[in-house]
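User: Please examine the sheets, the helix packing and the metal site of this structure.
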Amino acid sequence: MHDFFMLMDELIAKAGHIIILTHMAPDGDAMGSALALWHYCNSQFTMHNSQLEAKSSKSVTVIVPNAFPAFFNWMPGADQIRVYEKETAVCNKLIEAADLLLCTDFNDPKRIGPVGVKMLANPCPKVMIDHHLLDPQCSLDIWTEVHSYPTASSACEVVYKLIAAHGALSLEAVTCIYTGLMTDTGNFSYNSTNAELYDIIASLLRAGVQKDAIYNAVFNQYSTDRLRMTGYALYRKMRIYPEYHLALITLSAAELDQYHYQVGDTEGIVNMPLQIADIYYSVMMREERPKPGTPKPRIRLSFRSQGDRPVNIWASEVFHGGGHANASGGELFGSLAQAVGLFEKTYKKYVRVDN
Ligand code: 5GP
Ligand code: MN
């Protein structure tokens with residue numbers, strides 16, 4: 001990691017306009033890793049450019065492909081983020097003008113939609129900072145530097161290791177890093193058995209992280225509608241396949257409308273069926289309203305599992321997705337009924353029936 005760190009620092013020192021990119025539907029780890037890097041770059045500019053003039057000639061911007069949930073609005077720097085879907089022209093200009101792209105919490109430009117196309121059109125150096133499995137078919141040629149650690153709990157853990165070696169981190173940066181560690185491990189309930197992770201947390205606490213306040217800001221700020229929708233999903237919309245240790249929850253666009261769906265409102269629901277004894281697989285399907293130019297609705301799928309029961313192969317072979325062994329996603333352009341049909345047709349092939 002050290003060699004890479006030197007290189008990334010050199011790239012940051014040389015760059016004039018840095019763009020930090022992360023994946024669609026940004027989660028706590030995407031937000032945390034991107035914003036921690038943003039704070040770090042800003043602090044590097046200040047450190048290396050004592051003259052105000054030099055500092056002001058440099059810029060660093062976080063661009064996310066689409067909106068992030070409101071429960072991340074409090075994150076330090078979140079108000080400076082540009083949302084590509086909302087400010088496409090401005091973001092295109094910024095990406096064209098970038099002389100360094102730092103990409104975090106994804107490893108395939110396809111995962112960031114149209115932003116990926118713009119990103120590839122700029123020949124500037126590109127650094128990947130990630131913890132997802134690499135798709136064997138995916139070429140690494142586009143990256144100047146690859147920092148891929150599939151055993152890391154989160155992209156934030158990787159970012160921490162990259163930037164902590166450089167001395168004291170700001171309270172803003174450590175707050176962002178803690179948020180990603182916490183959300184990507186389900187508040188340290190999975191992907192979180194590595195002792196080193198707790199060394200990192202200890203150092204974040206020493207740096208002033210308010211961990212309980214962060215938990216509260218992310219997990220205890222829901223709307224009434226959101227909680228009622230969760231109740232509805234579990235009470236009315238959860239199907240259990242006991243012999244297959246499997247649960248399925250579906251939510252149509254009309255049902256989401258009833259509960260005034262906001263970005264992020266379904267986050268976490270897919271994990272809940274795993275609370276049932278002997279349920280080791282959980283799938284959730286959410287119907288999105290068709291966007292202009294896409295006549296068919298998009299069904300967004302989330303897969304979760306426990307232990308040695310991977311779901312990423314199912315997600316990738318049947319639903320054009322992928323992800324981690326125990327947490328994956330996918331999509332289907334069509335009706336919810338079609339997605340359920342495909343699920344019904346394929347689950348026996350991809351789930352293990354033994355206890
Ligand atoms: P979620 O269900 O929270 O949207 O996604 C779970 C995990 O699967 C995340 O780590 C995410 O990065 C990954 N994932 C979601 N959708 C896709 C996809 O379409 N392709 C790949 N390769 N990974 C995905
Ligand atoms: Mn992540």
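The questions and answers below take these topics in turn.

User: On what basis are residues, chains and side-chain atom pairs treated in this predicted model?
Analyst: Residues are numbered from 1 along each chain as its sequence is written, and chains are lettered from A and ligands numbered from 1 in the order in which they are written. In this predicted model local features need pLDDT of at least 70, and totals for chains, interfaces and linings use all residues, while side-chain atom pairs count only at pLDDT 80 or more; side-chain values use heavy atoms, with hydrogens and water left out.

User: What is the strand order of the open sheet with parallel pairing?
Analyst: Strands here are DSSP runs (E, at least two residues) and helices are DSSP runs (H or I, at least four residues), numbered from the N terminus. Two strands pair if DSSP finds at least two bridges between them. The edge strands, each pairing on one side only, are β3 (82-83) and β6. The order of the six strands is β3-β2-β1-β4-β5-β6.

User: Which residue in β5 is the bridge partner of Leu102?
Analyst: Strand β4 (residues 100-104) and β5 run parallel and are joined by four bridges. Within β5, Leu102 has as its bridge partner Val127.

User: What angle does the direction of α6 make with that of β5?
Analyst: Helix α6 packs on the sheet and touches β4, β5 and β6, where contact means heavy atoms within 4.5 Å. Axes are lines fitted to C-alpha atoms, for helices over the stretch in contact, and angles run from 0 to 180 degrees between N-to-C directions. The angle between α6 and β5 is about 120°.

User: How far apart are the axes of α6 and α7?
Analyst: Cys156, Glu157, Tyr160 and Ile163 of α6 meet Cys176, Ile177, Gly180 and Leu181 of α7. This contact of α6 with α7 divides into six nonpolar, one polar and one charged residue; Ala, Val, Leu, Ile, Met, Phe, Trp, Tyr, Cys and Pro count as nonpolar, Asp, Glu, Lys and Arg as charged, and the others, Gly among them, as polar. The two helices pack at an angle of about 145°, and their axes lie apart by 8 Å.

User: How many nonpolar residues has the contact of α7 with α8?
Analyst: Helix α8 (residues 195-206) packs against α7 at about 145°, with the axes 10 Å apart. The contact is made by Val174, Ile177, Tyr178 and Leu181 of α7 and by Leu197, Ile200, Ile201 and Leu204 of α8. No polar and no charged residues belong to it, and the number of nonpolar residues is eight.

User: Which protein residues are the donors of the manganese ion (ligand 2)?
Analyst: Donors are N, O and S atoms within 2.8 Å of the metal (3.2 Å for Na, K and Ca), and water is not among the atoms, so sites may look incomplete. The donors follow the spacing D-x75-D-x25-H-x52-D along the chain. His131 lies in the loop between β5 (126-130) and β6 (145-148), and Asp184 in helix α7 (residues 171-184), 53 residues apart. At 2.1 to 2.4 Å from the ion, the protein donors are Asp29 (OD), Asp105 (OD), His131 (NE2) and Asp184 (OD).

User: Which residue of β10 stands opposite Val283?
Analyst: The open sheet with mixed pairing has six strands in the order β7-β8-β9-β10-β12-β11. In it, β9 (residues 281-288) and β10 (residues 298-305) pair in the antiparallel sense over eight bridges. Opposite Val283 stands Phe303.

User: What is the bridge partner of Gly322 in β12?
Analyst: Strands β11 and β12 form a hairpin with three residues between them. Their pairing is antiparallel over two bridges. The partner of Gly322 is Gly329.

User: Why are α12 and α13 described as they are in orientation?
Analyst: Helix α12 (residues 312-319) and helix α13 (residues 336-350) pack at about 135°, with their axes 11 Å apart. Angles under 35 degrees count as roughly parallel, over 145 as roughly antiparallel, 65 to 115 as roughly perpendicular and the rest as oblique. The two helices, α12 and α13, are therefore oblique.
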